[in-house]
Amino acid sequence: MLYSELKANVAAWLNRTDLTAVIPTFVQLAQDRIYLGSPEINVDPLRIGDMLTVVNPFTGSLPSNWTEIKRLSWVQSGSIKYPLEFLPLEKIGVYEGIAARPQFFSIRGDTVVYGPTFTNDVELMYYMRPTNLSADSDVIPFGVLDAVYLYGTLLEAALYLKDDAQAARLVQVYKNAINAVQKQDDGNLHSGNTLRIRSDARVMV
């Protein structure tokens, strides 16, 4: 679906002619909800395989489009890589002054810090946030999010209009849409294996 089509569909669903100027704002808020999560309605941020991006070598400054680190690995040589463990910033300080093979990392602002310190390359795998829709010809990313964007945008419109009944209905519809995409992607990723949940706590806030 094109951005122009999304806006037209939202306008048709709302059946209002006085909201044209604010529909792009609804879309922007919906995109924040999709990629940053909605704790108030118990919906996690979307994290699908198509969002995964690898940077090697990684210099330490996080990309502007990062949302969450999936894995950070110390590259010993060639294809030999050792994943590092995340530590809260207040706990990693005791390791920063030691020069040795790194075991931990943390995040200070938009910069990754390590403990111990080292000189080898690092490989970053992270979930990127797609560029926000802006031009009418922009396409909703990944090809599976048309319903998520539509219902997310309509939810923002209902909240704006203070239509509590409609907002309550759209919360459930939005949750169903985004959970279906996430479940499908999780199933593809873990097909044939027992799914084990592990928290990736390195999240942009």
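At 8% relative accessibility, Glu156 counts as buried, because buried means under 20% relative accessible area, exposed over 50%, and partly exposed in between (1.4 Å probe, protein chains only). Glu156 lies in helix α4; helices (H or I, at least four residues) and strands (E, at least two) are DSSP runs, numbered from the N terminus. The model described here is predicted, so local features need pLDDT of at least 70 and side-chain atom pairs count only at pLDDT 80 or more, while totals for chains, interfaces and linings use all residues. Residues are numbered from 1 along each chain as its sequence is written, and side-chain values use heavy atoms, with hydrogens and water left out.

The protein holds 5 helices and 7 strands, which follow the pattern α-α-β-β-β-β-α-β-β-β-α-α along the sequence. Its C-alpha atoms fill a box of roughly 65 × 40 × 30 Å, taken along the principal axes. Of the 205 residues, 40% are buried. Among the contacts (heavy atoms within 4.5 Å) with a separation of 6 or more, 63% come from residues 24 or more positions apart.

What does Glu156 touch, leaving aside its neighbours within four places in sequence? Its contacts are Phe26, Leu29, Ala30 and Arg33. Arg33 has its place in helix α2 (residues 23–36) and, at 10% relative accessibility, also counts as buried. With neighbours within four places again set aside, Arg33 is in contact with Ser38, Glu40, Ile41, Leu155, Glu156, Leu159 and Tyr174. The axes of α2 and helix α4 (residues 146–160) come within 8 Å and cross at roughly 115°; axes are lines fitted to C-alpha atoms, for helices over the stretch in contact, and angles run from 0 to 180 degrees between N-to-C directions.

Attention now turns to the strands. Strand β2 (residues 66–77) contains Leu72, which is buried with a relative accessible area of 1%. By contrast, the C-alpha atoms of Leu72 and Leu145, 73 residues apart along the chain, are separated by 28 Å. β2 pairs with strand β3 (residues 80–83) in the antiparallel sense over 4 bridges, where pairing requires that DSSP finds at least two bridges between two strands. Val75 stands opposite Lys81 in β3. The two strands form a hairpin with 2 residues between them, and Gly78 in the turn has a positive phi of about 50°.

An open sheet of 3 strands has the order β4-β5-β6, with mixed pairing. β4 (85–86) and β6 (111–115) stand at its edges, each with a single partner strand, so one side of each is left without a neighbour in the sheet. β4 and strand β5 (residues 104–108) run parallel and are joined by 2 bridges, with Phe86 having Phe105 in β5 as its bridge partner.

The structure holds 4 aromatic pairs; rings of Phe, Tyr and Trp (its six-membered ring) pair if their centres lie within 6.5 Å, and planes under 30 degrees apart count as stacked, over 60 as edge-to-face and the rest as tilted. The rings of Trp74 and Tyr82 have centres 5.8 Å apart and planes at 35°, so this pair is tilted. Trp74 counts as buried at 7% relative accessibility, whereas Tyr82, at 27%, counts as partly exposed. Phe86 and Phe105 form an edge-to-face pair, 5.5 Å centre to centre with 70° between the planes. Phe86 lies in strand β4 and Phe105 in strand β5, so the pair ties together parts that are 19 residues apart in sequence. At 25% relative accessibility Phe86 counts as partly exposed, while Phe105 is buried, with a relative accessible area of 1%.
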